[in-house]
Amino acid sequence: MKIMPVQKQTTAGQRTRFKAFVIVGDSEGHVGLGVKCSKEVASAIRGAIILAKLSCVPVRRGYWGSKMGEPHTVPAKVTGKCGSVTARLVPAPRGTGIVASPVGKKLISLAGITDCYTTSRGSTKTQGNFLKATFQAIANTYGFLTPDLWEEGSLTKGPYERFSHILAKAPKRV
């Protein structure tokens, strides 16, 4: 996504290193973000690719309106934050497309989401924080429980109902 030079002030001057942001995804519900800093551009990119593959998260997709066809949007409004940047993903109707900045659009499309509205706050020109906030919002799609994920369980009796025969035999006080 981005390669940026970063500098550290030393006694001999500045030491320049390169920071690489890389996104990997299969457009089928898995996406990863990797950030690596190195002396050389190539090694920074290589390291970021490895870290992105290691940080892959599943993306939960849902519907807007009727449940016809494949899931196409985020299941609910989700938010992610990094630094001053807050990214929010909002479900959209089928056919809307991804309404986002070019950076966010690439990340969301690699996650397998085809329809989504986005909003953002803060200093979004810091692309690293914006990417991390959007990635966190996508990762938060599995952060809540909805009725379709509930386990089927049988109802258990309460203590009064379970021990009613003992309570019925209890001696009465005078």
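Start by selecting Val24. This residue stands opposite Gly32 in β3. Keep in mind that the model you see is predicted.

Now step to Ile23. Ile23 stands opposite Leu33 in β3.

**The turn between β2 and β3**

Select the loop between β2 (13–25) and β3 (30–38); Ser27 lies there. β2 and β3 form a hairpin, with 4 residues between them. Pick Ser27. What is the phi of Ser27? The phi is positive, about 60°, although Ser27 is not a glycine. Most residues other than glycine have a negative phi. Is Ser27 buried, partly exposed or exposed? Ser27 has a relative accessible area of 35%, so this residue is partly exposed. The cut-offs are these: buried is under 20%, and exposed is over 50%.

**Across the sheet**

Go to β1 and β2. They form a hairpin with 2 residues between them. Their pairing is antiparallel, over 9 bridges. Select Thr10, and you find Gly13 in β2 opposite.

Next, move to the other side of β3. Select strand β4 (residues 57–58). 2 bridges join β3 to β4, and the two run antiparallel. Pick Val31; the bridge partner of Val31 in β4 is Val57.

In what order do they lie? The order is β1-β2-β3-β4, an open sheet of 4 strands with antiparallel pairing. Look at the edges. β1 (2–10) and β4 stand there, each with a single partner strand, so one side of each has no neighbour in the sheet. While you are here, show the side chains. In a regular strand, side chains alternate between the two faces of the sheet.

**A helix stop**

Select helix α1 (residues 41–54) and find Arg46 in it. Arg46 is exposed because its relative accessible area is 53%, and the cut-off for exposed is over 50%. Arg46 and Phe135 are 89 residues apart along the chain, and their C-alpha atoms are separated by 20 Å.

Select β5, β6, β8 and β7. They make an open sheet of 4 strands, in the order β5-β6-β8-β7, with mixed pairing. Which strands stand at the edges? β5 (78–82) and β7 do; each has a single partner strand, so one side of each is left without a neighbour in the sheet.

Zoom in on β5 and β6. These strands run antiparallel and are joined by 5 bridges. Pick Lys81, which stands opposite Thr86 in β6.

**Helix α2 and its cover**

Select helix α2 (residues 102–110). Which residues of α2 are buried? They are Val103, Gly104, Leu107 and Ile108. Turn the view to look down the axis of α2. The buried residues fall within an arc of 120°, so they line one face of the helix. An α-helix has 3.6 residues a turn, so residues three or four places apart point the same way.

Now see what covers those buried residues. The cover includes β2 and β3. It also includes β6 (85–91), β7 (98–99), β8 (116–121) and α3 (127–139). Then move past the end of α2. Gly112 follows the helix, with a positive phi near 95°.

**Last stop: the largest pocket**

Select Arg60, Arg61, Gly62, Tyr63, Gly65 and Lys67, which are among the residues lining the largest pocket. What is the volume of the largest pocket? The volume is about 220 Å³. Colour the lining by class.

Key: Residues numbered from 1 in each chain as written. Predicted model: local features only at pLDDT ≥ 70, side-chain atom pairs only at ≥ 80, totals over all residues. Heavy atoms only, no water. Buried < 20%, exposed > 50% of the residue type's maximum accessible area, 1.4 Å probe, protein only. Arc of directions from axis to C-beta. Contact = heavy atoms within 4.5 Å. Pairing = 2+ DSSP bridges. 1 Å grid on protein atoms, 1.4 Å probe; cavity = no way out; pocket = protein on both sides within 12 Å on 5 of 7 lines; lining within 4 Å. Points joined across faces, edges and corners; volume = space filled by probe spheres on them.
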